[in-house]
Amino acid sequence: MAVLQLREAVLAALEVQRAAKVIGSSLQARWTFLCEDDRTLEWFRGLGEEFWGEISITSKVESGKSEAAVSAAGGLIEVNIPHLQQKAFIRVEKAEGLKCPRCWRYPGSGGFGGSSEHPELCGRCARQLTV
C-alpha cells in the first residue's frame, strides 16, 4: 500500500514540475525521497532505486536524510503516507546528462559506456541486451 501511495505522490509532484515547464516528459525527471527515519530509508532503498524509477517512469531516483536536505534547498513536497507515520519529502528536478537512444532515460554521469558491446547505451539497456 505504501508503495502505491508514494508512487501517486511522485506522479503528482511530476505534474507540478511539468506545469512549471521544468520537465516535459516524466523521463526527463529525477526525484529524491527524503526522510529522517532510518527504518523508512532502509525500506525505500531495499526496494531499489531502479524499482522506483520503473514504477514512476523517471530517469533517476535517489534517497537521503531530510534534515540536511530541508535546510539545503527548497522545492520539497511533503508526502503524507499513513504507513510511514512520519514526515517524508519528495524533490523533483530535471535529470542531467545525455539521453539513452534506446530507453530515452537520462542516467546521469557515469551511466554510459559500461558495456564494450553497447557503449552508446545506458547500463540498464546494455544489461538487457546482453542477457
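**Entry 1: strand β1**

I began with β1 and found both of its faces covered: Ala29, Trp31, Phe33 and Cys35 are buried on one side, and Arg30, Thr32 and Leu34 are buried on the other. I note here that the model is predicted. Seven of the seven residues of β1 are buried, so the strand is largely enclosed by the rest of the structure.

Next I looked up its pairing. β1 runs antiparallel to β4, with seven bridges between them. Ala29 sits opposite Lys94 of β4. β1 also pairs with β2 (residues 60-65), in parallel, through six bridges. I checked one partner there: Trp31 bridges to Val61 of β2.

**Entry 2: helix α1**

I compared length with expectation. At 1.5 Å a residue, the 18 residues of α1 should span 26 Å, and the end C-alpha atoms are 26 Å apart, so the two agree.

Which residues of α1 are buried? I listed Ala2, Leu6, Val10, Ala13, Leu14 and Gln17. They cover an arc of only 110° around the axis, so they lie on the same side of α1. The face turned away from that side carries the exposed residues Leu4 and Ala19.

I then asked what the buried residues of α1 pack against. The list is β1, α2, α3 (49-56), β3 and β4. After the helix comes Lys21, which has a positive phi, near 65°.

**Entry 3: the nonpolar cores**

I turned to the largest nonpolar core, which has 19 residues. Leu6, Trp31, Phe33, Phe44, Ile90 and Val92 touch the most other members. Two or more residues each come from α1 (2-19), β1 (29-35), α2 (38-47) and β4 (88-94). α1 gives the largest share, five residues. Apart from this core lies another, of five residues, including Cys100, Cys103, Cys122 and Cys125. As background, nonpolar side chains in soluble globular proteins tend to be buried together.

Leaving aside neighbours within four places in sequence, Val92 is in contact with Ala13, Leu14, Gln17, Ala29, Arg30 and Trp31. Of these, Ala13, Leu14 and Gln17 are among the buried residues of α1, while Ala29, Arg30 and Trp31 are buried in β1.

**Entry 4: Leu76**

Last, I looked at Leu76, in strand β3 (residues 76-79).

Notes:
Residues are numbered from 1 along each chain as its sequence is written. This is a predicted model: local features need pLDDT of at least 70, side-chain atom pairs count only at pLDDT 80 or more; totals for chains, interfaces and linings use all residues. Side-chain values use heavy atoms; hydrogens and water are left out. A nonpolar core is a set of buried Ala, Val, Leu, Ile, Met, Phe, Trp, Tyr and Cys residues joined through side-chain atoms within 4.5 Å. Buried means under 20% relative accessible area, exposed over 50%, partly exposed in between (1.4 Å probe, protein chains only). Helices (H or I, at least four residues) and strands (E, at least two) are DSSP runs, numbered from the N terminus. Contact means heavy atoms within 4.5 Å. Two strands pair if DSSP finds at least two bridges between them. The expected span of a helix is 1.5 Å times one less than its number of residues. The arc is that of the directions from the helix axis to the C-beta atoms.
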